[in-house]
Amino acid sequence: MRRMPMKMVRKHSISRTTASPRLRGHIYSEHWDLTHLAESPVERFERLLDEIESKVMRFESARAHLSAAMPTSVFHSLLTLSEEVTTASSRISAFAYLWFSENTKDLDARSFKTKVEERVTALQNRMVFFDLWWQSVDESNAQRLMAETGTLRYHLETIRRFKPHTLSELEEKIINIKNVTGRNAVHSLYDVVTNSFMFTLTINGKRKTITREELTAYLRHAQGRIREAAYRELYRVYADHHDLLGEIYKTLVNDWKTENLQVRRFVSPIATRNLGNDIPDAAVTSLLKVCRNNAGIFQDYFRIKARLCNITPMSRYHIYAPHRTHQKSYRYQDAVKMVLDAYRGFSPQLADLAEQVIHEHHIDARTRPGKLGGAYCYSVAPGMTPYILMNFTGEARDIATMAHELGHAIHGMLAAHHSIFTFHSTLPLAETASVFGERILSDALMNQEQDKKVRQGLLLNQLDDIYATVLRQAYFVQFENQAHEMIAQGATVKDLAKTYLAEVRQQFGKGIKVPDEFQWEWLTIPHIFASPFYCYAYSFGNLLVLALYRMYQKEGTAFIPKYLNLLSTGGSEAPQTILTKIGVDMASEEFWQSGFDTIRGMVDQLEHTL
Ligand SMILES: [Zn+2]
C-alpha cells in the first residue's frame, strides 16, 4: 500500500485492503518497510535530486519578480512550489535517516545520509531569499497576500513574527558572519572540552575509565553507594574545570544580552525564546511560578520513594534509584495489544490510527546491535503514515515508549490535511499526544493490575519521569533567569554556583539532602549553554498534558472531541489560539495548578500502596 490519500486519513475512515491484524491472531510486524518513502532511492538518487532541483530552479527564477505588489496568484504558486520541494526533500531525507537508524555502523547508509544532507541543505539555502523578502513586505500587502493562504497562514506569520526585532540585511549578515567566530565558536569550545571528559569509577573492586554517557547509567544504579560515587565523580570533573566552563557561560550570556536586549530590543533575555515559541511572556511567568509553588509535591514523592526503596537518609543522590520489584517481561505482540486496547478505551478513532502505523509496517521495534538507541517518530509529510523507531526489549518502560511514539504518529496523522509547513505541531504542543497517550496507557494498566508491587513500579517510573521533565526543567530556567541578571551585574562563576545550590536546596526542601557538589550541576546541562531558556518547553508540554488529562477526568467523554480537534490543528495556529479553543488560559495559574493536581493524585495513589 502506498501513500494514503489525504482525505482518507482526515476522515479516519481508513479502508483496509487486508483483514485487520487483530483478526489474524495478533501477528504484528516488527520491521518497517521503507519502500513507501521512495523506490530504490540509492540507485535513483541523481534523478530524484534532479527533479527537486528543477523545481528549485523554477523557484529561483521568480526572484526577479518578487514585489510586495505582486498578484496573489503568483504568490500562491510560489508557495505551492516551495511545498513541493520541501515534501520531496523530506521523503528522501527521511529515507536516508531511517536507513541509517537501522544500523548506524552501515557505511553505505552513513555515506548516503551525508550525501543527502549536503545536497538537500544546498538546495534549501537557494530558497532562503524568499523568507527574507517576505519579512520585508509591508504589513498591508502582507495581509493581502496572506488572505487566502488557508493553513499556510500561520507559517507565513511565523516568518514575519521576528520582524520587529530584525535588523537590516547587512546588519543581519554581519551578525551571522561574526557569530561563526563568536558565539558559535565559544559554544563549540564547551562541546569540545566537555566531550573530552573521562571519568573514573570503581565497580566491583575494578577501577574503570568511562565516558559521560557510561557514567550517567550509574546514576540510576541499583546500589546507592554506586549512584553516590557516580554523582561525586561527575561533579568532581566539572568542578575541576569550573573556571573555563564558567567563562564560556558568561561570554554566551553577555552575547545573548548584547544582541537580544541592546540590539534587537527584546524586553528581557527570556522574551527572545518566548517569541520563538510563540508563547506570551505572562504564560511562561505563570508556569514557572506554579512549578516553584508545587515543589513540595515532589518532596513528598521522594520521601515515599525513600520508604519504598529502603533509602535512608534520602538525598539528591538517590532520587533516580530504580524500583526493586521483580521485573515483569512482556512479549512484543502483547505489548502492542495492550497499547492498542488502551487507546481504544479512550477513542476507537485514535486506536485505528495507531493500528494503521503497525499494520502498514511503519514501526521498527526490536533492539539490535548497531541500531540507533532510544526511540523516535518521524512524521515525514502530510498524508504519509509516520514511521516509528524503538528499541523494544520487553520491559514495562518500552510499552510506555510505544504509547508515546504512537501518540506522536497519531498527532501527525490527525493533522494530515495541513501543509507540510503546518502539519507538525509547534514546539510547546509537540509532546501533547505522546504524553497523553502514556497517561491513557498507564491508567488502563493501573486499572487492570492487581499486583501491588507492579502498581508501585508503574507509578514510580511515571513520577520519576514527570519530575525530570516538569519540575527539574522549570528550575533550570528559573536559574537561567537569575544567572542572566546576575551576570549583567558582574557576578562570578562562584556566585552563580552559590545561587544554583540555594535554588536546588529550596527545590528539595529539608527532607532531602543536597550535597555541596550539586552547585556545579548547571555546568553539566548542555541546553543551558546551547539554547538559553529552552528547557521550559519540556515543563510546558508535560504539565499541559497533565492538566488536559485532569479536564478529561472531570468532563469524561465530552472532552474527547475537543481533544481530537486540538490535535488535528497540528501546527497551523498559534499555541495560544489552539489552547483557547479547548478552554485553556495558559496565562492563568489555576490552569497550571490543575496539572500539579494530577501529579498530587498520583503521589496519593502511591502512598495508598504503602
Ligand atoms: Zn516525544
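Along the chain, the donors of the zinc ion follow the spacing H-x3-H-x22-E. Keep in mind that this is a predicted model. Here is who does the coordinating.

| Donor residue | Donor atom | Range for the donors of the zinc ion |
|---|---|---|
| His 404 | NE2 | 2.1 to 2.7 Å |
| His 408 | NE2 | 2.1 to 2.7 Å |

As for geometry, the angles among the four donor atoms run from 52 to 139°, and the site comes out as irregular. For reference, four ideal tetrahedral donors would give 109.5 degrees.

Next, Ser 425. You'll find Ser 425 in the loop between helix H18 (396–414) and helix H19 (432–448). A polar atom of the Ser 425 side chain lies 3.2 Å from the backbone nitrogen of Ala 430. Leaving aside residues up to four places away in sequence, Ser 425 touches His 411, Ala 430, Gly 570 and Gly 571.

Then there's the second largest pocket, with a volume of about 770 Å³. Its lining counts 28 residues, and the ones closest to the pocket centre are Leu 132, Gln 135, Thr 166, Glu 172 and Asn 176. Helix H5 (128–136), helix H8 (169–181) and helix H12 (242–263) are the elements that each put two or more residues into that lining. H8 gives the most, with seven residues.

How values were computed: Residues are numbered from 1 along each chain as its sequence is written. This is a predicted model: local features need pLDDT of at least 70, side-chain atom pairs count only at pLDDT 80 or more; totals for chains, interfaces and linings use all residues. Side-chain values use heavy atoms; hydrogens and water are left out. Helices (H or I, at least four residues) and strands (E, at least two) are DSSP runs, numbered from the N terminus. A polar contact is a pair of N or O atoms within 3.5 Å; within protein, one must be able to donate a hydrogen and the other to accept it, and residues adjacent in sequence count only if both atoms are side-chain atoms. Contact means heavy atoms within 4.5 Å. Donors are N, O and S atoms within 2.8 Å of the metal (3.2 Å for Na, K and Ca); water is not among the atoms, so sites may look incomplete. Four donors count as tetrahedral if all angles lie between 85 and 135 degrees; four count as square planar and six as octahedral if opposite donors are over 155 degrees apart and all others between 65 and 115; anything else is irregular. On a 1 Å grid over the protein atoms alone, a cavity is a set of points where a 1.4 Å probe fits but cannot get out, and a pocket is an open set with protein on both sides within 12 Å along at least five of seven lines; lining residues have an atom within 4 Å of a point. Grid points are joined across faces, edges and corners, and a volume is the space filled by probe spheres set on the points.
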